[in-house]
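The following exercises ask the reader to work through a protein model one step at a time. Please study the sequence and the structure before reading each solution.

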Amino acid sequence: MTTTDTTTRFQLAEKDLPTAWYNALPDLPEPLQPPLHPGTREPVGPADLAPLFPMPLIEQEMTQAPWIDIPGPVLDILRLWRPTPLVRARRLEQALGTPARIYYKDESVSPAGSHKPNTAVAQAYYNAQAGTKRLSTETGAGQWGSALAFACAQFDLECKVYMVRASYEQKPYRRVLMETWGASVVASPVDDPNHPGSLGTAISDAVRDAATRDDTHYSLGSVLNHVLLHQTVIGLEAKEQLALAGEERPDVVVGSCGGGSNLGGIALPFMNDTRVRLVAFEPSSCPTLTSGKFEYDFGDTAGMTPLLPMYTLGHDFVPPSIHAGGLRYHGDSPIISSLVKTRRMEAVACPQSKTFEAAVQFARTEGKIPAPETGHAIRGVIDEALAAKEAGEERVILFNYSGHGFLDLAAYDDYNHGRLADE
Ligand SMILES: *Cc1c(COP(=O)(O)O)cnc(C)c1O
């Protein structure tokens with residue numbers, strides 16, 4: 001790479017949109033343990049999951065096929081914003097005085113402003129194909145609910161969103177997005193108006209809705225294998241774009257981790273190259289990977305979902321209400337959990353104030369204002385870049401810019417005026 005090269009954005013043509021998803025399941029260091037039935041504790045079969053999901057998604061949960069073709073109607077919708085740009089964060093590098101080269105994959109350019117529509121569109125498509133009329137789901141701060149509301153609008157599906165009550169009351173703008181895309185939104189838990197709610201209670205409400213209505217399936221925005229599968233378009237594109245930038249490979253791939261979908265999306269396509277380090281960043285107030293136990297646990301508070309083998313803080317854990325709402329989940333993706341357990345992936349927890357400090361430095365150098373969740377990845381990137389400076393090494397750092405922070409400005413206001421508390 002010559003020192004006079006100032007290229008900043010590495011763009012793929014529309015025709016270079018990946019046409020297949022990468023399936024990590026056959027390549028994992030250890031095979032995943034199966035999900036267990038919540039009643040019998042026996043491995044669940046496809047028939048157990050059929051009240052909740054259409055068959056193609058159930059198959060994607062378990063398949064050993066290395067690649068899965070992306071259906072044409074899904075590609076047509078992804079083309080509204082994909083391929084997304086890969087950007088070299090030159091101005092952040094200069095501010096840090098680091099010899100590291102920092103690249104970010106900009107998933108904030110989607111209609112809902114995050115990576116989440118990548119799977120929402122695929123899930124809505126397979127449900128529409130199977131004759132589902134209505135989808136139920138949960139949402140924390142509203143990122144996933146807004147992605148699914150957009151996707152349902154594309155396929156004329158009804159969308160019912162159970163939104164964590166604390167966010168429903170404090171963060172109206174994502175509810176407005178969801179309603180504008182045609183979804184109906186209620187506060188969760190529905191049967192206890194004094195409870196602030198959590199992702200766990202909202203999942204219970206949404207699963208109960210789908211399990212008790214014939215016309216309705218359930219949709220989950222993270223954690224499950226098929227969700228990470230759909231997100232691999234991110235890493236597949238990034239690989240091509242790094243090649244355009246003249247990079248052989250990243251030395252380290254970084255993502256924030258709530259349920260593991262944006263991290264899996266960018267990291268899994270690099271998993272087979274053991275020279276590439278993979279690192280998860282999570283909040284120290286909800287430290288699932290760094291302080292949780294690896295064991296079978298429910299995905300929801302009421303214990304209605306199958307038991308998944310994962311790092312968990314316990315299904316009744318109610319995390320403190322930090323601004324990065326998308327990272328407040330007691331469990332984690334079985335794929336990500338397995339990678340951490342086998343030490344293929346590292347995990348780091350950081351306090352909220354440090355993530356906002358990093359997010360603000362990014363905003364003042366690169367210009368873009370990140371989602372508080374994304375701020376966790378940026379904290380990790382800055383620490384990696386400073387370590388590279390310390391070591392005098394030219395590391396190549398790739399991270400997932402999972403979403404923008406335009407609907408999280410109250411959080412920035414708190415940070416800017418010294419009102420942001422660490423747990
Ligand atoms: C939901 C969300 C996350 C966390 O979810 P993952 O499934 O771990 O990716 C991170 N960033 C943004 C912007 C989100 O909306």
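**Exercise 1.** Which residue stands opposite Val396 in S15?

Solution. The model is predicted, so local features need pLDDT of at least 70 and side-chain atom pairs count only at pLDDT 80 or more, while totals for chains, interfaces and linings use all residues. Residues are numbered from 1 along each chain as its sequence is written. Strands are DSSP runs of E with at least two residues, helices are runs of H or I with at least four, and both are numbered from the N terminus. Strand S5 (residues 101–106) and strand S15 (residues 396–401) run parallel and are joined by 6 bridges. Within this pair, Arg101 stands opposite Val396.

**Exercise 2.** Determine the order of the strands in the open sheet.

Solution. Two strands pair if DSSP finds at least two bridges between them. The open sheet has 7 strands, in the order S1-S4-S5-S15-S10-S11-S14, with mixed pairing. Strand S1 (9–10) and strand S14 (345–350) are at the edges with a single partner strand each, so one side of each has no neighbour in the sheet.

**Exercise 3.** State how many residues of the protein are buried, as a percentage.

Solution. A residue is buried if 20 or more other C-beta atoms, placed from the backbone, lie within 10 Å of its own; it is exposed if 12 or fewer do, and partly exposed in between. Of the 423 residues in the protein, 55% are buried. The C-alpha atoms fill a box of roughly 60 × 50 × 40 Å, taken along the principal axes. The secondary structure comprises 17 helices and 15 strands.
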